[in-house]
Amino acid sequence: MKIEPNKEFACKLGIMLGSKLIWYKHFQPFCDDIILEYTKPPYWIIELATVRHQGSAIEIVNKYIHSEPCITYYNSKHFDQYIACLYIKYDRREISWASFLLESGQYADSCEAVKEPCEYFFDLLSQYEAEEFNIELEHKQREEIQNKFRDEILEMQAIYDVFREYFQQYIKRKEKHQNKKGK
């Protein structure tokens with residue numbers, strides 16, 4: 001998958017950063033490749049290549065998104081992609097199903113632009129808690145969420161897969177550096 005460092009991509013990157021699906025170990029090698037690929041790499045990519053703090057990375061991406069020419073890039077699709085990022089974190093076992101439902105409900109409540117209202121997620125969480133975290137109910141609810149957010153999950157998973165490769169590159173470079181230091 002070829003990624004263009006434009007504002008549409010920056011919105012998706014901001015969502016991935018905000019949901020903590022990716023962090024500097026994912027985006028720094030990506031930025032390095034963009035810098036090497038372009039004769040005049042985008043300035044925001046150069047800035048992003050130098051930070052490790054998640055808040056700073058989000059700030060750099062948002063500054064670019066809201067720069068001239070000013071166009072509204074965030075739309076409800078992007079807000080739904082945040083839920084998809086949380087789902088990917090759940091699917092990777094980074095968070096539990098209860099945490100996914102809680103964070104999704106809180107996010108839906110704060111932005112009020114997700115295709116499902118916060119009550120939807122909170123109701124699913126209440127059912128899940130009332131059933132004492134029943135695994136069969138979890139599977140049923142997971143299937144329901146997968147169907148409702150299928151397109152967003154697939155889109156964000158494709159981008160995340162690219163960043164996972166960059167993460168692996170980062171880890172290999174670190175290991176190689178550590179091995180050289182140890183000798």
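Residue E143 is placed in helix α8, which spans residues 135-148. In this predicted model, E143 has a relative accessibility of 51%, and because the threshold for exposed is over 50%, E143 counts as exposed. E143 and L102 stand 41 residues apart along the chain, and their C-alpha atoms are separated by 17 Å.

**Aromatic pairs**

A search of the whole structure finds 18 aromatic pairs. One of them joins F30 and F163: the ring centres are 5.2 Å apart and the planes meet at 55°, so the pair is tilted. This pair links distant parts of the chain, since F30 belongs to helix α2 (residues 24-37) and F163 to helix α9 (residues 150-182), 133 residues apart. F30 has 2% relative accessibility and therefore counts as buried. F163 is likewise buried, with a relative accessibility of 0%.

Another pair is formed by Y87 and F100, and its geometry is edge-to-face, with 6.0 Å from centre to centre and 85° between the planes. Y87 lies in helix α5 (residues 76-91) and F100 in helix α6 (residues 97-111); the two are 13 residues apart, and the pair links distant parts of the chain. Y87 counts as buried at 3% relative accessibility, and F100 counts as buried at 0%.

The two pairs are set out below.

| Pair | Centre-to-centre distance | Angle between planes | Geometry |
|---|---|---|---|
| F30 and F163 | 5.2 Å | 55° | tilted |
| Y87 and F100 | 6.0 Å | 85° | edge-to-face |

F30 and F163 also belong to an aromatic cluster, which they form together with F9 and Y166.

**Charges over rings**

**Positive phi values in loops**

Most residues other than glycine have a negative phi. Against this background, two residues deserve mention. K20 has a phi near 65°, a positive value in a residue other than glycine. K20 is found in the loop between α1 (7-18) and α2. Is K20 buried or exposed? With a relative accessible area of 55%, K20 is exposed.

R93 also has a positive phi, near 70°, and is likewise a residue other than glycine. R93 is located in the loop between α5 and α6. The relative accessibility of R93 is 74%, so R93 counts as exposed.

Key: Residues are numbered from 1 along each chain as its sequence is written. This is a predicted model: local features need pLDDT of at least 70, side-chain atom pairs count only at pLDDT 80 or more; totals for chains, interfaces and linings use all residues. Side-chain values use heavy atoms; hydrogens and water are left out. Rings of Phe, Tyr and Trp (its six-membered ring) pair if their centres lie within 6.5 Å; planes under 30 degrees apart count as stacked, over 60 as edge-to-face and the rest as tilted. Helices (H or I, at least four residues) and strands (E, at least two) are DSSP runs, numbered from the N terminus. Buried means under 20% relative accessible area, exposed over 50%, partly exposed in between (1.4 Å probe, protein chains only).
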